[in-house]
Amino acid sequence: MKVIPLKSRGEPVVISLPLSQIDGLSSVRMYIPKDLLPVEARENTLRKVDEVLSRFAKDGVPLLDPEEDMEVKSSSYRKAARRIEALESLFEKHDIRNAPHIQQKLKLLHAKQEIKAKIKSIKKTMRASTALAFKDELKARKRVLRRLGYITSEDVVEIKGKVACEISSADELTLTELMFSGTLKDATVEQMVALLSCFVWQEKLQDAPKPREELDLLFYQLQETARRVANLQLECKIQIDVESFVNSFRPDVMEAVYSWARGSKFHQIMEMTQVFEGSLIRAIRRLEEVLQQLILASQSIGETQLEAKLEEAVSKIKRDIVFAASLYL
């Protein structure tokens, strides 16, 4: 948008501007239409403005006087107003008044002062609010880790804490609790892979097939573990919706991943589910990441039996996945 002189031809527009850009308020009151969307209404208003400026062209548009027009009787206001008048008078007489580029320099000075004030205000707000918020959240999360046995009362990392540190591609607390409950060790490789798919699958499918009985039982154990972890966080003053957290673990592709781990062809598992091919391939790749992290976690605590089982699971789900990706992605 280009600003042009008042007398030039152009289309009048309505704009918003900050209060800091207002230099003074006029005692002249103009009545303008409530609706300025039509061009005709804006043009009529502009003609009124032009008429007012022409009428007061000699002495300028009269400004609103707080004491006379608004009857402000405050002594503090009068004191401040007189001080401003005295400073303006001194400025008018000072040599710097006629210095070259004084207006540009004053604008830069005012901008600098505003920026400094904003920085000071932001720093104060950050110290007062975020520091307290993070401090309270940190205390609450430490309380959760202590009650779950991940750290000691002296904040020393325990074995469960070491395992959780290795997990980043899934909910580390729920997965660690499942691992230490023996659920992963007791399940078969195919069942374990199907269970872990609930950690990486985020989409909600309509009319998704219900998992077979043994998988459904594993999913129930996952839900109970997730509910226990969420309730504990809630007790420790962490904001969390327990049911939403529990429902974030989806069983929709358990059957498909189970069949894939058992050696079914990719086109066969696609007939079992309504998901897009690319979505399923991405889920399997994320599942591989989770398995690799669990392998590192098992190594960190010397769980060789579970480590071997996880490595077998990786080899099973990686089968033909590159070829499937080339066909469907």
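This briefing walks through a few local features of the structure above. Please keep in mind that it is a predicted model. Three topics come up: a cluster of phenylalanine rings linked by ring pairs, the mostly covered helix α10, and a patch of positive charge on the surface.

**The phenylalanine cluster**

- A search of the whole structure turns up 2 aromatic pairs.
- Phe-199 belongs to helix α7 (residues 189-200), while Phe-249 sits in the loop between α9 (242-247) and α10 (254-261), so their pairing ties together parts that are 50 residues apart in sequence.
- Phe-245 and Phe-249 also pair, with ring centres 5.5 Å apart and planes at 90°, so this contact is edge-to-face as well.
- Through these ring pairs, Phe-199, Phe-245 and Phe-249 form a cluster.
- How buried are the members? Phe-249 has a relative accessible area of 5%, so it counts as buried.
- Phe-245 has 14% relative accessibility and is buried too, because the cut-off for buried is under 20%.
- Phe-199 is likewise buried.

- How many residues of α10 are buried? The helix is mostly covered, with 8 of its 8 residues buried.
- Among them are Met-254, Glu-255, Tyr-258 and Trp-260.
- Pro-209 itself is found in the loop between α7 and α8 (213-235).
- At 37% relative accessibility, Pro-209 is partly exposed, whereas Met-254 is buried.
- Just after α10 comes Gly-263, which has a positive phi of about 110°.

**The positive surface patch**

- Which residues gather in the patch of positive charge on the surface? They are Lys-120, Lys-123, Lys-124 and Arg-127.
- Lys-124 is part of helix α3, which spans residues 102-148.
- With a relative accessible area of 60%, Lys-124 counts as exposed, because the cut-off for exposed is over 50%.

Terms used: Residues numbered from 1 in each chain as written. Predicted model: local features only at pLDDT ≥ 70, side-chain atom pairs only at ≥ 80, totals over all residues. Heavy atoms only, no water. Patch = residues over 30% accessible without salt bridge, like charges linked within 9 Å, V, L, I, M, F, W, Y side chains within 5 Å. Areas by Shrake-Rupley, 256 points an atom, 1.4 Å probe, with all protein chains shown as cover. Salt bridge = Lys/Arg side-chain N within 4 Å of Asp/Glu carboxyl O. Lys, Arg positive; Asp, Glu negative; His and termini not counted. Charge placed at Lys NZ, Arg CZ, Asp CG, Glu CD. Helix = DSSP H or I, 4+ residues; strand = E, 2+ residues; numbered from the N terminus. Buried < 20%, exposed > 50% of the residue type's maximum accessible area, 1.4 Å probe, protein only. Phe/Tyr/Trp six-rings, centres within 6.5 Å; stacked < 30°, edge-to-face > 60°.
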